[in-house]
Amino acid sequence: MADDVYSADRSLYGKLRRRASKLLYRKPAKLTGLARPLLTFSFDDAPQSAATAGADIIEKHGFKATYFISAGIMGEDSHFGPYTTPEQVKDLHIRGHEIACHTFTHIDCGQASGADIAASVDQNQKMIQSLGLPASITFAYPYGDVSPQAKAQLSARYASARALHHGLITTGTDLNQAPAVGIEGADGETLALDWMRRAVATPDSWLVLYTHDVRENPSPWGCTPESLDRLARAAVAMGFEVVTYAEGAGRAGG
Ligand SMILES: [Zn+2]
């Protein structure tokens with residue numbers, strides 16, 4: 001579940017906070033009349049391999065992806081390999097991918113105060129825009145951790161905020177705490193395919209996939225180029241309309 005070595009609050013209190021958060025500051029999705037199910041490929045943080053091998057695979061199939069960027073850690077080394085540099089982030093935008101917000105320094109929004117979250121996302125936007133990029137439209141919670149104060153801040157700023165609990169987005173799903181499925185770990189590809197089948201069987205649905213590094217011998221939160229390529233091929237074969245997270249949020253009324 002956690003998307004980094006730091007582990008978010010897995011206590012009962014943390015669980016109850018995430019559950020209580022689901023009831024507050026909701027932004028219900030409205031998805032009707034879709035000719036095909038929607039699918040989003042997203043990369044969190046994002047390591048350089050997501051911007052090189054990952055983007056190459058996504059583009060080869062004619063798709064665009066969403067990159068959730070913490071600008072305060074750009075270029076730094078990590079357990080996913082080095083993070084994307086400012087130049088790479090700029091290049092991803094020029095190539096048509098979505099550059100979205102992930103807080104400035106990957107803070108845990110389940111623990112931080114509303115004021116700290118607001119300051120962090122505003123600082124992230126300032127740095128992203130200093131690269132000549134437009135303001136981000138969407139957000140992903142670092143570690144997937146959520147709180148009512150985070151939702152209150154993010155609801156006003158972003159069309160949608162993505163968490164990490166599994167599910168499809170359909171009418172009524174909360175766009176301020178949206179589900180997603182990770183292509184990560186040994187069974188990541190199988191799990192993603194399973195959820196793609198569920199989406200195809202569910203009218204007017206949208207599935208959001210995410211991963212981190214895309215390389216041979218990936219971290220436990222990443223996948224191989226072969227896995228990503230097979231999933232992209234499956235997306236075509238299964239008739240998905242592949243959209244960025246911002247496009248999907250727009251279609252869902254976010
Ligand atoms: Zn992250």
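**Close-up views of a predicted model**

**View 1. Helices H4 and H5 cross in a right-handed sense.** H4 spans residues 114-130 and H5 spans residues 148-157; they pack at about 35°, with axes 8 Å apart. Those axes are lines fitted to C-alpha atoms, for helices over the stretch in contact, and angles run from 0 to 180 degrees between N-to-C directions. On the H4 side you'll find Gly114, Ile117, Ala118, Val121 and Asp122, meeting Gln149, Ala150, Gln153, Leu154 and Arg157 of H5 (contact means heavy atoms within 4.5 Å). That set splits into 5 nonpolar, 3 polar and 2 charged residues; Ala, Val, Leu, Ile, Met, Phe, Trp, Tyr, Cys and Pro count as nonpolar, Asp, Glu, Lys and Arg as charged, and the others, Gly among them, as polar.

This is a predicted model: local features need pLDDT of at least 70 and side-chain atom pairs pLDDT 80 or more, while totals for chains, interfaces and linings use all residues. Residues are numbered from 1 along each chain as its sequence is written, and side-chain values use heavy atoms, with hydrogens and water left out.

**View 2. The buried side of H5 is made of Ala150, Lys151 and Leu154.** Buried means under 20% relative accessible area, exposed over 50%, and partly exposed in between (1.4 Å probe, protein chains only).

**View 3. H1 has buried residues Gly14, Arg17, Arg18 and Ser21.** These also line one face, since they fall within an arc of 95° seen down the axis of H1. H5 is part of what covers them. Turned away from that buried side are the exposed residues Leu12 and Arg19.

**View 4. Ser147 sits in the loop between E4 (138-140) and H5.** Its relative accessible area is 0%, so Ser147 is buried. Its side chain makes a polar contact with the side chain of Gln149 at 3.3 Å. A polar contact is a pair of N or O atoms within 3.5 Å; within protein, one must be able to donate a hydrogen and the other to accept it, and residues adjacent in sequence count only if both atoms are side-chain atoms. Not counting residues up to four places away in sequence, Ser147 touches Arg17, Ser21, Cys109 and Gly110.

**View 5. Asp213 lies in the loop between E7 (206-211) and H7 (225-237).** With 0% relative accessibility, Asp213 is another buried loop residue. Its side chain reaches the backbone nitrogen of Ser219 at 2.7 Å. Leaving out residues up to four places away in sequence, the neighbours of Asp213 include Pro47, Phe80 and Trp221. Asn217 is found in the loop between E7 and H7 too, but is exposed at 72%. Asn217 has phi near 55°, a positive value in a residue other than glycine.

**View 6. A cis peptide bond joins Asp45 and Ala46.** Omega is about -15° for this bond. Ala46 is in the loop between E1 and H2 (48-60).

Technical notes: Helix = DSSP H or I, 4+ residues; strand = E, 2+ residues; numbered from the N terminus. Left-handed = near helix turned anticlockwise from the far one by under 90°. Arc of directions from axis to C-beta.
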